Amino acid sequence: MSERLPFQVTSLGSAYEGLRLPAVALLDNIRSMYNVGSFFRTSDAVGLEMLYLCGITAYPPKSAISKTALGAEESVPWQHHADAREPLANLRARGYEIAAIETSLHSVDLYEWKPAFPVCILFGHEVDGVGPELLAMSDTHVRIPMVGRKHSLNVATAAGVVLYELLRKYRELQ
């Protein structure tokens, strides 16, 4: 018999009861539908407000998204926009900090970053990253520490690292 239980019914889960992370993620030109599905699943897990799927980023219904989302595409609110500039401008007008997850000369370390909630986390193309125009629209560039030989993570893996650190930081404020 398995002892696996949903986190919410454990004593540890009570610390997160009713918590809603005041954050959204914007995916610009993510080409892998499996990565998009993984974003849905992680977004559900951390209680993200919304996923913005922009540019060439695929959106439901697509079987490759469903394969990795495992139903989260039904529970996470999402919108598709052909151009990411429109939702970014709208989020800025609503008081969201725009944080590009990107290694640049201006990047701050993820663990040193003090996000100003609500926040929009911006992820870009798997190879090319966040485009220059969207980087210019960002308030902050955030870098995930990389101590090995490689200088980047898979975008969906990076999302897991960043979103759970964001959840930890928000919970500390509560």
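**Overall architecture and local features of the predicted chain**

The accessible surface of the chain comes to about 9,800 Å², and carbon and sulfur atoms account for 53% of that area. The structure described here is a predicted model, and the values that follow were computed from its atoms. Along its principal axes, the C-alpha trace spans about 50 × 40 × 35 Å. A compact globule of 174 residues would have a radius of gyration near 16 Å, and the chain, at 16 Å, agrees with that expectation. Of the 174 residues, 45% are buried. When contacts between residues at least 6 apart in sequence are considered, 79% of them join residues at least 24 apart.

The secondary structure consists of 6 helices and 7 strands, which follow one another along the sequence in the pattern β-α-β-α-α-β-α-β-β-β-α-β-α.

The N-terminal end of α1 is capped by Ser 32, a side-chain oxygen of which lies 3.2 Å from the backbone nitrogen of Tyr 34. Within the helix, the buried residues are Asn 35, Val 36, Gly 37, Phe 39, Phe 40, Thr 42, Ser 43 and Val 46. Just after α1, Gly 47 adopts a positive phi of about 75°.

Helix α6, formed by residues 155-173, has 19 residues and reaches 27 Å from its first C-alpha to its last, close to the 27 Å expected at 1.5 Å a residue. Its N-terminal end is capped by Asn 154, where a side-chain oxygen is placed 2.8 Å from the backbone nitrogen of Ala 156. The buried residues of α6 include Val 155, Ala 156, Ala 158, Ala 159, Gly 160, Val 162, Leu 163, Leu 166 and Leu 167, and also Glu 165, Lys 169 and Tyr 170. Among the elements that cover these buried residues are the strands β1 (23-28), β4 and β6 (119-123), together with helix α1.

Ser 107 is found in the loop between β4 (97-101) and β5 (108-109). Ser 107 counts as buried because its relative accessibility is 15%, the cut-off for burial being under 20%. The side chain of Ser 107 makes polar contacts with the backbone: one of its polar atoms lies 2.5 Å from the backbone oxygen of Glu 102, and the side chain also reaches the backbone nitrogen of Ser 104 at 2.8 Å. When residues up to four places away in sequence are not counted, Ser 107 touches Glu 102, His 141, Val 142 and Arg 143.

With regard to cysteines, the structure holds 0 disulfides. Cys 54 is in no disulfide, and the nearest cysteine sulfur, which belongs to Cys 120, is 8.7 Å away. Seen from Cys 120, the closest cysteine sulfur is that of Cys 54, and the separation of 8.7 Å is too far for a bond, since a disulfide requires the sulfur atoms to be within 2.5 Å. Cys 54 is buried, with a relative accessible area of 0%, and Cys 120 likewise counts as buried at 0% relative accessibility.

Definitions and conventions: Residues numbered from 1 in each chain as written. Predicted model: local features only at pLDDT ≥ 70, side-chain atom pairs only at ≥ 80, totals over all residues. Heavy atoms only, no water. Buried < 20%, exposed > 50% of the residue type's maximum accessible area, 1.4 Å probe, protein only. Helix = DSSP H or I, 4+ residues; strand = E, 2+ residues; numbered from the N terminus. Polar contact = N/O pair within 3.5 Å; in protein donor to acceptor, adjacent residues only side chain to side chain. Contact = heavy atoms within 4.5 Å. Rg over C-alpha atoms; globule rule 2.2 N^0.38 Å. Areas by Shrake-Rupley, 256 points an atom, 1.4 Å probe, with all protein chains shown as cover. Expected span 1.5 Å × (residues − 1).
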